[in-house]
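Morning, everyone. Please have a look at the chain on the screen, and I will walk you through it.

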Amino acid sequence: MIFSISCTRDIVGYRIDVQIKAEGSEAITLVSTSYEGSSLADDQLSPPEVQYQRIFSQVGGYTPGVERTVKVTATTDAGKQKTASKRWQD
C-alpha cells in the first residue's frame, strides 16, 4: 500500500489529509486514524476499496515546540495490517 499523510495549519488546529492506494490485488477493508494517540476515525469499507481518502479539519491545537503524531493503519481484505505515521514539531 502507498500512504500519503499531510498536515497543515487550519483555522483552529490542523487539517489532516489521509490517502491510501492499494497495490496489486490488495483491497482496503478498514482504516484507523489517530492523532496524539486518540482515535479520529475507524472507517469500515464495504465493499473493500482500492483507494481511500479522508480529510480531518480543525484537529488538535498549536503549541510551539510540541511534537505531534498522526498514525494510520489500513487492514487489507486478507487481514494484513499496514501502518504509516507522520511526526512533526509545532
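First, the ground rules. This is a predicted model, where local features need pLDDT of at least 70, side-chain atom pairs count only at pLDDT 80 or more, and totals for chains, interfaces and linings use all residues. Residues are numbered from 1 along each chain as its sequence is written, and side-chain values use heavy atoms, with hydrogens and water left out.

Now the whole chain. What is its secondary structure? It has 0 helices and 7 strands. Helices here are DSSP runs of H or I with at least four residues, strands are runs of E with at least two, and both are numbered from the N terminus.

Next, dimensions. The C-alpha atoms fill a box of roughly 45 × 20 × 20 Å along the principal axes.

How much is buried? Of the 90 residues, 38% are. Buried means under 20% relative accessible area, exposed over 50%, and partly exposed in between, with a 1.4 Å probe and protein chains only.

On to contacts, meaning heavy atoms within 4.5 Å. Take those with a separation of 6 or more: residues 24 or more positions apart account for 54% of them.

Let me zoom in on strand E6, residues 67-76. Of its 10 residues, 7 are buried, so E6 is mostly covered. Which strands pair with it? Two strands pair if DSSP finds at least two bridges between them.

Follow Ala74 in E6. It is the bridge partner of Val31. Ala74 also stands opposite Lys82 in E7. The hairpin of E6 and E7 has 4 residues between the strands, and there Gly79 takes a positive phi near 85°.

Last stop: Asp90, in the segment after E7. Is Asp90 buried or exposed? Its relative accessible area is 15%, so Asp90 is buried. What does Asp90 touch, leaving aside neighbours within four places in sequence? Its contacts are Tyr14, Gly61, Tyr62, Thr63, Pro64, Gly65, Val66 and Arg68.
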